[in-house]
Amino acid sequence: MSGGNRNSNSDKTKLIHLGRDSEASQGFVNPPLYRGSTVLFPTVRSMSEGGYGYWYGRKGSPTYDAFERAMNELEGAAETILTPSGLSAITTTLLGLLKAGDHILMTDSAYQPTRSFCDTTLKALNIETTYYDPRIGSGIAEMIRDNTAVIFMESPGSQSFEIQDIPAIVGAAEATRRADERQITTVIDNTWATPLRLKPLSLGVDVSIHSGTKYFIGHADALIGTISATATSGAAIRKTAWSLGICAGPDDVQLALRGLRTLSVRLDAHEKAALELATWLEARDEVVAVLHPALPSHPDHDLFKRDFTGGTGLFSVILKPVDEAAVARFVDGLNLFAMGWSWGGYESLVIPFDPRSYRSATKWPYEGPALRFHVGHEDIDELKADLAAGFERL
Ligand SMILES: *Cc1c(COP(=O)(O)O)cnc(C)c1O
């Protein structure tokens, strides 16, 4: 067999074979790229019976199938839905699982545009959001209302890197389900960890979402989102995705599938370099805290070790209080760390941020300025030297 799903229990090996079949591709290693809108049917009868298994470009293609199958396998999901961006994966999921009058529990550490969607679009649809402390654990049970339909997690938190007690939160949702047969769906934004570092469905979560824009694509040259879910949740979300006309571009799907081939080695490199830099930063006098859950100093390190199989390349640093001009001197003068949104590509990035501007359920405990680092594949000693020169300017 050439390609396809060979017998393997290792993600590292699976990534090499998932979603391809060289025999079906005239021997070529990779599956062909299907671009298309119209799908032809030879007869009226074949049209009513579903033709070759495809209906219309928006509703899937062999290119879609290949990446969806790979994601199902990696996430242990029944169904994966592809969307044009990570944010659209989040919004399509929420629209698919919520209706007017429902209530959603949203972690206070969520990606900021996820919050905006709750505060604007969901609010206008008469769906109420309550933000909760990401470290609430089983205490979430007390926040569940009669109309709570979704509990949304993101672990570690965007920018702030709290690790959530996923089994405790899933347990509270399941206890409510059993008590009165209501359906509370648990959803997680799993972008930071990728399915190589955390498998939320194996912990009982119903839906695992990725901004594939980050590590799957890995080269900052495309956007894509994935929603991997149990059969029941997946069916509801797919229905909504189709009703909204949501579909990913086939070229981007192909790039994401290609990205999976090297995901394991890229992540290992991101993780190793990030931890080395994080440890180096922790020892600097100018630094108050380094927020990377794989560091033993991280307050949730034990939870992290229990549920995750490793770390990745994104973390934050809190500096001792200094004025804005000093932070600008530090960041503006960096030579190798570029400043820009997003992350997961080959290049190291940095952004200054201030969670006080959007958090509502928890108090940000730090006074000083915060910087988020994505560590790319540059020479680690040169990255350190770049930051050391930044500290001189600071
Ligand atoms: C970037 C990001 C998103 C949004 O993804 P896009 O592909 O940029 O739309 C969602 N969640 C997290 C955690 C992210 O970092």
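**Note on the ligand site and an aromatic pair**

1. In this predicted model, an N or O atom in the side chain of Thr 213 lies 2.5 Å from an oxygen atom of the ligand. The ligand taken alone exposes 380 Å², and the protein buries 90% of that area.

2. The shell around the ligand consists of 14 residues, of which Gly 86, Leu 87, Asp 189, Thr 213 and Lys 214 come nearest. Sorted by class, this shell holds 5 nonpolar, 6 polar and 3 charged residues. Helix H4, spanning residues 86–97, gives the most to the shell, with 3 residues.

3. As for the pockets of the protein, the space that the ligand takes is the largest pocket.

4. Turning to the aromatic side chains, the count comes to 12 aromatic pairs. One of them joins Tyr 215 and Trp 343 in an edge-to-face arrangement, with 5.2 Å from centre to centre and 75° between the planes. This pair links distant parts of the chain, since its two members are 128 residues apart: Tyr 215 belongs to the loop between strand S6 (207–211) and strand S7 (225–229), whereas Trp 343 belongs to the loop between strand S10 (338–339) and strand S11 (349–353).

Note on methods: Residues are numbered from 1 along each chain as its sequence is written. This is a predicted model: local features need pLDDT of at least 70, side-chain atom pairs count only at pLDDT 80 or more; totals for chains, interfaces and linings use all residues. Side-chain values use heavy atoms; hydrogens and water are left out. A residue is near a molecule or strand if one of its heavy atoms lies within 4 Å of it. A polar contact is a pair of N or O atoms within 3.5 Å; within protein, one must be able to donate a hydrogen and the other to accept it, and residues adjacent in sequence count only if both atoms are side-chain atoms. Accessible areas come from the Shrake-Rupley method with a 1.4 Å probe; for residues, only the protein chains shown count as cover. On a 1 Å grid over the protein atoms alone, a cavity is a set of points where a 1.4 Å probe fits but cannot get out, and a pocket is an open set with protein on both sides within 12 Å along at least five of seven lines; lining residues have an atom within 4 Å of a point. A molecule sits in a cavity or pocket if more than half of its atoms lie within 2 Å of its grid points. Helices (H or I, at least four residues) and strands (E, at least two) are DSSP runs, numbered from the N terminus. Ala, Val, Leu, Ile, Met, Phe, Trp, Tyr, Cys and Pro count as nonpolar, Asp, Glu, Lys and Arg as charged, and the others, Gly among them, as polar. Rings of Phe, Tyr and Trp (its six-membered ring) pair if their centres lie within 6.5 Å; planes under 30 degrees apart count as stacked, over 60 as edge-to-face and the rest as tilted.
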